[in-house]
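Please open the model in a viewer and keep the sequence panel at hand.

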Amino acid sequence: MLLFKEKINYKHQGNGFQAHLDAPAYDHIRLIEHITANIAIDAATPENGCLEVVRGSHKMKVEFAEAGRITPEWENTHERTSVPLEMGDMLIFGSHLAHRSAENKTEGVGPAFMLPFTRGVTGRILGSNITSIGWRCSHLSTVSYSLNV
């Protein structure tokens with residue numbers, strides 16, 4: 001298993017994230033399937049915009065507006081479940097699970113460490129066949145590819 005990227009999501013007061021799927025968000029790089037480990041740096045609560053998921057959505061036909069963002073019509077017809085986490089808790093979910101975070105109504109920033117992992121799978125990148133991909137856990141490191149062209 002390879003770490004695809006790493007990031008910290010900060011949700012300042014008044015901010016949240018629109019409903020989306022993660023898988024289509026990376027199609028500009030290549031078709032990729034991944035799982036994400038979401039680690040709560042601070043407690044994630046409904047008040048500060050914890051993750052909300054649509055149970056079973058990974059098996060549903062989801063309607064997209066663009067780049068993995070879900071249409072408001074689809075979102076408004078499916079029930080969301082809040083997933084609160086205590087500091088240090090981890091939630092693991094697949095790239096086809098519909099999720100969002102509501103508005104942060106607190107003064108905190110509600111940070112979460114997001115770690116998407118992928119297998120060393122065959123995919124398409126920039127019109128070439130790719131057999132493996134890997135890099136270190138830093139945006140400053142070099143990406144290495146093995147290509148079959």
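How many helices and strands does the protein have? There is 1 helix, together with 14 strands; helices (H or I, at least four residues) and strands (E, at least two) are DSSP runs, numbered from the N terminus. This is a predicted model, in which local features need pLDDT of at least 70 and side-chain atom pairs count only at pLDDT 80 or more, while totals for chains, interfaces and linings use all residues. Residues are numbered from 1 along each chain as its sequence is written, and side-chain values use heavy atoms, with hydrogens and water left out.

**Whole protein.** Display the surface first. The accessible surface is about 8900 Å², and carbon and sulfur atoms contribute 54% of that area (Shrake-Rupley method, 1.4 Å probe). Of the 149 residues, 38% are buried (under 20% relative accessible area, 1.4 Å probe, protein chains only). Among contacts (heavy atoms within 4.5 Å) with a separation of 6 or more, 78% join residues 24 or more positions apart.

**The largest nonpolar core.** Next, select A40, A44, C50, L51, V53, V83, L85, L91, F93, L97, A112 and M114, the 12 residues of the largest nonpolar core. Such a core is a set of buried Ala, Val, Leu, Ile, Met, Phe, Trp, Tyr and Cys residues joined through side-chain atoms within 4.5 Å. Two or more of its residues come from each of β5 (51–53), β9 (90–94) and β11 (112–118). A second, separate core has 7 residues, including L21, V62, I70 and W74.

**A112 and T36.** Centre on A112: beyond four places in sequence, A112 touches K7, I8, N9, N38, I39 and I41. Then move to T36 in strand β4 (residues 35–40). Is T36 buried or exposed? T36 is buried, its relative accessible area being 3%. Apart from neighbours within four places in sequence, T36 contacts D22, L91, I92, F93, M114, L115 and P116.

**The cavity.** Finally, select A19, V54, I70, W74, E75, R80, H99 and R100, which line the largest cavity. A cavity is a set of points on a 1 Å grid over the protein atoms alone where a 1.4 Å probe fits but cannot get out, and lining residues have an atom within 4 Å of a point.

Technical notes:
1 Å grid on protein atoms, 1.4 Å probe; cavity = no way out; pocket = protein on both sides within 12 Å on 5 of 7 lines; lining within 4 Å. Buried < 20%, exposed > 50% of the residue type's maximum accessible area, 1.4 Å probe, protein only.
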